[in-house]
Amino acid sequence: MKKFENKVCLVTGASSGIGKATALSFAQAGAKVVVSDVNETQGMQVVNEISDFGGNAIFVKCDISKKDEVENLVKTTVITFGRLDYAVNSAGIAGKLSLPIHEYPEDEWLNQIQVNLIGTYYCVKAQITQMLLQGGGNIVCVASAAGLRGQPQNSPYATSKHGVVGLVKTVAIEYATQNIRINAVCPTAIETPMIMQGRRKLAENPEALEAAKNYQAMKRMGQPQEVADVALWLCSDQSSFITGHAMAVDGGAFA
Ligand SMILES: NC(=O)c1ccc[n+]([C@@H]2O[C@H](COP(=O)([O-])OP(=O)(O)OC[C@H]3O[C@@H](n4cnc5c(N)ncnc54)[C@H](O)[C@@H]3O)[C@@H](O)[C@H]2O)c1
């Protein structure tokens with residue numbers, strides 16, 4: 001029997017990067033997977049990949065910054081698969097700008113908070129509500145190393161991710177005796193479209209790419225699968241005494 005056979009997993013931001021690797025890994029481990037994202041075309045490709053190896057997945061379009069869409073996402077999960085065992089909240093955005101706070105455009109600043117923090121709050125709230133009804137569950141939020149230390153020129157992102165870590169720690173305590181665990185993963189540089197085409201445009205900037213690699217003691221960037229593996233472990237019974245943790249996935253950067 002596969003590790004997550006008969007379990008139901010919801011992954012936001014599952015059309016790309018860390019979320020995609022997580023959705024594929026859960027499906028390979030036997031879970032029924034709800035692939036969710038704003039990007040429907042890429043999300044359907046993930047569903048097709050899962051179907052190709054005999055897995056079971058559906059796509060549900062959801063913008064996590066919209067409360068009604070998040071509530072619909074959890075509702076659709078339960079209508080389709082009957083319950084929600086695991087949720088990995090990977091959807092997020094990184095700003096395209098590198099600016100100190102007094103120069104940072106306010107609408108851009110607030111938008112990152114709306115998606116990364118308030119969106120994650122909507123997700124966690126809806127997921128916990130369902131998990132309480134069914135008697136338990138397990139949540140992983142993809143925060144960031146920018147949720148563990150400040151990141152100059154990137155205050156909205158770092159603020160949103162510190163908020164996610166605070167949310168995770170607090171919610172972990174609130175439901176610790178109700179068979180619900182929740183943890184955060186805090187990656188440094190992971191090779192995904194967000195970072196390769198994002199603020200520092202690593203794909204076209206060899207100097208910035210080198211600096212991004214050298215930030216880790218391992219002198220390389222991480223791969224999405226290396227974060228997905230941690231998320232699956234945190235959802236598994238192998239981590240049964242761990243909740244409220246903000247785990248750096250950082251190639252030794254914080255060591
Ligand atoms: N790549 C890194 O180096 C890195 C490091 C630390 C943390 N993170 C975090 O990891 C998570 C995943 O990022 P990634 O690197 O895989 O990036 P990515 O851009 O490859 O994937 C992010 C996905 O989230 C989706 N998304 C964006 N806004 C959304 C919204 N409002 N509602 C629903 N879906 C939305 C995108 O369409 C995309 O498919 C993010 O929360 C990011 O902040 C990434």
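This is a predicted model: local features need pLDDT of at least 70, side-chain atom pairs count only at pLDDT 80 or more; totals for chains, interfaces and linings use all residues.
**Figure 1. Gln153 sits in a loop between a strand and a helix.**

Figure 2. To find Lys219, look in the loop between helix H7 (206-214) and helix H8 (224-235).

**Figure 3. The protein chain is divided into two parts, domain 1 and domain 2.** Domain 1 takes in 8-187 + 223-248, and domain 2 covers 191-221. Into their contact go 19 residues from domain 1 and ten residues from domain 2. How far apart are the centres of domain 1 and domain 2? Taken over C-alpha atoms, the centres are separated by 23 Å.

**Figure 4. Domain 1 and domain 2 bury about 980 Å² between them.** The size of an interface is often given as the accessible area lost when the parts come together. Of the area buried here, carbon and sulfur atoms give 46%. Which three residues supply more than any other three of the area that domain 1 buries against domain 2? They are Lys96, Gln223 and Glu226, which together supply 37% of that area.

**Figure 5. Polar pairs and a salt bridge cross the interface of domain 1 and domain 2.** Three residue pairs are in polar contact across this interface, with both residues at pLDDT 80 or more. On the side of domain 1 that touches domain 2, the elements that give two or more residues are helix H1 (17-28) and H8. Sorted by class, that side has seven nonpolar, nine polar and three charged residues. As for salt bridges, one is found across the interface.

**Figure 6. Arg220 and Glu226 form a salt bridge.** Side chains of opposite charge can pair when their charged atoms come close. In this pair, the closest N and O atoms of Arg220 and Glu226 are 2.8 Å apart. Are the two partners buried or partly exposed? Arg220 is partly exposed at 36% relative accessible area, and Glu226 counts as partly exposed at 31%.

**Figure 7. Lys20 and Glu49 link distant parts of the chain.** The structure holds four salt bridges, and one of them joins the side chains of Lys20 and Glu49, at 3.5 Å from N to O. Lys20 belongs to helix H1 and Glu49 to helix H2 (residues 40-52), and the two are 29 residues apart. Lys20 is partly exposed, with a relative accessible area of 27%, and Glu49 is partly exposed too, with 34%.

**Figure 8. Lys66 pairs with Asp63 in a salt bridge.** The closest N and O atoms of Lys66 and Asp63 are 3.3 Å apart. Lys66 is partly exposed, with a relative accessible area of 40%.

**Figure 9. Asn116 is a buried residue of helix H4.** Helix H4 spans residues 106-134, and Asn116 has a relative accessible area of 1%. Which side chain does Asn116 meet in a polar contact of 3.2 Å? The partner is Ser160. Leaving aside neighbours within four places in sequence, Asn116 also touches Gly92, Ile93, Tyr157, Lys161 and Val164, among others.

Conventions: Residues are numbered from 1 along each chain as its sequence is written. Side-chain values use heavy atoms; hydrogens and water are left out. Helices (H or I, at least four residues) and strands (E, at least two) are DSSP runs, numbered from the N terminus. Domain bounds come from an automatic or database domain assignment. Contact means heavy atoms within 4.5 Å. Buried area is the accessible area (1.4 Å probe) that two parts lose on being put together, summed over both. A polar contact is a pair of N or O atoms within 3.5 Å; within protein, one must be able to donate a hydrogen and the other to accept it, and residues adjacent in sequence count only if both atoms are side-chain atoms. Ala, Val, Leu, Ile, Met, Phe, Trp, Tyr, Cys and Pro count as nonpolar, Asp, Glu, Lys and Arg as charged, and the others, Gly among them, as polar. Buried means under 20% relative accessible area, exposed over 50%, partly exposed in between (1.4 Å probe, protein chains only).
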